[in-house]
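Have the sequence and the 3D view open as you read.

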Amino acid sequence: MRCYAPLVLLTLGIISGCGTHRKISYLDENGIVPSLAPSFNDSVPEIDKHIQKRDTIKVNDLDGNEVIIMKAIKDENGEMVATDVLSAATITAKFRNVAERHGKIDIAFLVTIPQSMQDSRWQIRISPLMKIFEDYHKLEPVIITGNNFRKTQMKGYAFYDKFLSSIITDPSLMVHQTQLDHFIERTLPELYKFKNDTTMVDSPEALMSSPWGVTQKEALEHFSKNVLRRHNDRKKREIQRKFDRYVKVPIISDGIRLDTVITSQNGDFIYEYVQTINTQPELRKVEITLSGGIYEQDTKVWDIPKSDPLPFYISSISSLTDDNVRYLTRTVSRRVEANTESNIDFRSGDFRIDSSLGNNLEEISRIRHTLASLIQNQEYDVDSIIVQASCSPEGRFSSNRTLSQRRSESVSSFFENFIRSQRDSLNEELSRMVTLDKEFTQDQGYDNQIKFISRSYPENWDDLSKLVRIDSIITSSQKEDYFETLQVSDPDKREKILSTKEYYKHVTDNLYPKLRTVQFRFFLHRKGMVQDFIETTVVDSVYMSGVQAIRDRNYETAISILRPYRDFNTAIAYSCLDYNASAIDVLNDLDRKDDKSEYMLAILHSRIGNVEKAVQHFLNACSMNPAMVYRGNLDPEISALIKLYDLHLYDSDDEFNY
């Protein structure tokens, strides 16, 4: 019998293969593939939870006339009669409108495996692919496993488990224990006494070898079952190979959306797949496609053709945002002041500028750049520049007063020459432009005279105190001593007392150089402006940043910015985070009553269960703007009302009918 077993198995394999080939050919010829369709099982909990379903509802049109809304059909006489006919249970659609709420959307679709695709020997692996903008994202696969396929999987795991159980894990089983015990009893009697005793031994080394020099380790190796050990070690090395041999198709639980076993093929298999994603600015559409394959054991027997994309069009309340620019009235002054400070270093007792000293070259370059930009500024003219130089406290106060004044005058003269050269260069450039373009005139040259005013600040004790206060080298007690010394009114006596302190060298080396500063104050006026003050309008950049936050789906930021404005966009931000009562309060306080505000009120009242008000506001919005009829199908709160009361607002001639 044993010699015929391979032949029997081969025959069964051929028969099975023929059956698979015929079935795959049938699927190919008839175009049978998994189908992809949008799921329409979503609902609006607020409506289901807060109201009792009714056939009729009373509302008013914009002229105040009472209108009765009811589910109705025309009878054989052409009269409208109420009806409770249910809509079809199965809906076939090529796209789906989904609503964004809380910055997220749920993409829900149905994956249907036809009955004719199912086979007990097969495993069907479906891989959904999501397209967002131009990027593709793999979603978790769906696996449908036939009953016999799973039995084969489990049989493989059983063989593998049996192999694992044959591996010896107890080291004592690898030793001829009885023979080892006899040897220890004869040659190591002292050790043998401790066989069943857990008492600690002070000198275990004495017990480890026999009188003939045989150690316990050597004895253990001698009595080991070496053949069994080698065989066991070989099994350990073959664990992965045995797994691959027995378990052809592993059962994977991680990264799988669904892995279910179909025990009988008596109908189509339908799975609702829901994927929640975060919305992004400008995201209007998401597409889903399906692909996959059919597997028999570890062999793919058919590539499932890629499906046509199923588009989901995203509707967001943020799309109702009012994009009108908001302006502020601002008072503009003709005169403007700007300040900057430079640490131009001077040699002790000297007032001349030395560009090679310290960081002077860098500081001079920075001030030159500032002056050049002011001269060429198209909005302002420079009237005057106050230059104030200061000295450190060493030396006599009277000498420092003279020195600081001369330093201020030196700096003023230095940069006045620079401005003169800049003015000449600018006029020369404009002169060349006159020769190339006759529209330029000579009086367009830069002739604004800038006045330099030199001032001095003899000894900069104020900044010295600030530096001492934050200095990390001077101790707390030394700082207290410094501020006590500061109480001396005469600056010369004060500096003399300070020079006796132990921290004085640190002050002169590290703090005094920072006091030799030159401060520039620029006084400018706006070109062409005569009045001292005028009122002008400017864009409210803070408000517009709140509007942009709505577009970017950053609703919490939008609320924090727009809350003080309490306008339509504030209500939009509130509603996007389900702050429905706050949004209604804002909208009710507004003077505007347009289609967007009415539509927003319809959504908000639908959420909190005020269905009559919701329908009233929706019909008002549609009367003001018939396009809102189509918009209503995009938002679940409104589409629920449409389904609940069968609100068909267009007649057979496609005319709006309220």
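A word on angles before we start: helix axes are lines fitted to C-alpha atoms over the stretch in contact, and the angle between two of them runs from 0 to 180 degrees between N-to-C directions. Keep in mind that this is a predicted model.

| Helix pair | Packing angle | Axis separation |
|---|---|---|
| H11 (residues 461–470) and H12 (residues 476–485) | about 165 degrees | 10 Å |
| H19 (residues 595–608) and H22 (residues 636–645) | about 80 degrees | 8 Å |

Let's take H11 and H12 to begin with. Angles over 145 degrees count as roughly antiparallel, and H11 and H12 therefore run roughly antiparallel to each other. Their crossing is left-handed. On the H11 side, the contact is made by Trp461, Leu464, Ser465, Val468, Arg469 and Ile470, while H12 brings in Lys479, Tyr482 and Phe483. By type, the contact residues of this pair come to 6 nonpolar, 1 polar and 2 charged. As background, an α-helix has 3.6 residues a turn, so residues three or four places apart point the same way.

H19 and H22 are another story: the 65 to 115 degree range counts as roughly perpendicular, so that is how H19 and H22 sit relative to each other. Here Tyr599, Ala602, Ile603, Ser606 and Arg607 of H19 touch Glu637, Ile638 and Leu641 of H22. Sorted by type, this contact has 5 nonpolar, 1 polar and 2 charged residues.

**How enclosed is H22?**

With 8 of its 10 residues buried, H22 is largely enclosed by the rest of the structure. The buried set is Glu637, Ile638, Ser639, Ala640, Leu641, Ile642, Leu644 and Tyr645. Just past the end of H22, Asp646 has a positive phi of about 50 degrees.

**Asn580 and its partners**

Which residues does Asn580 contact, leaving aside neighbours within four places in sequence? They are Leu604, Arg607 and Ile608. Asn580 itself belongs to helix H18 (residues 580–589). Its relative accessibility is 11%, so Asn580 counts as buried. Asn580 and Leu604 are 24 residues apart in sequence, yet their C-alpha atoms are 5.8 Å apart in space.

**Cysteines**

If you're wondering about cysteines, the model has 0 disulfides. Cys576 is at 4% relative accessibility, which makes it buried. Cys622 is buried too, at 0% relative accessible area.

Technical notes
Residues are numbered from 1 along each chain as its sequence is written. This is a predicted model: local features need pLDDT of at least 70, side-chain atom pairs count only at pLDDT 80 or more; totals for chains, interfaces and linings use all residues. Side-chain values use heavy atoms; hydrogens and water are left out. Helices (H or I, at least four residues) and strands (E, at least two) are DSSP runs, numbered from the N terminus. Angles under 35 degrees count as roughly parallel, over 145 as roughly antiparallel, 65 to 115 as roughly perpendicular and the rest as oblique. Contact means heavy atoms within 4.5 Å. Ala, Val, Leu, Ile, Met, Phe, Trp, Tyr, Cys and Pro count as nonpolar, Asp, Glu, Lys and Arg as charged, and the others, Gly among them, as polar. A crossing is left-handed if the near helix is turned anticlockwise from the far one by less than a right angle, and right-handed if clockwise. Buried means under 20% relative accessible area, exposed over 50%, partly exposed in between (1.4 Å probe, protein chains only). A disulfide is a pair of cysteine sulfur atoms within 2.5 Å.
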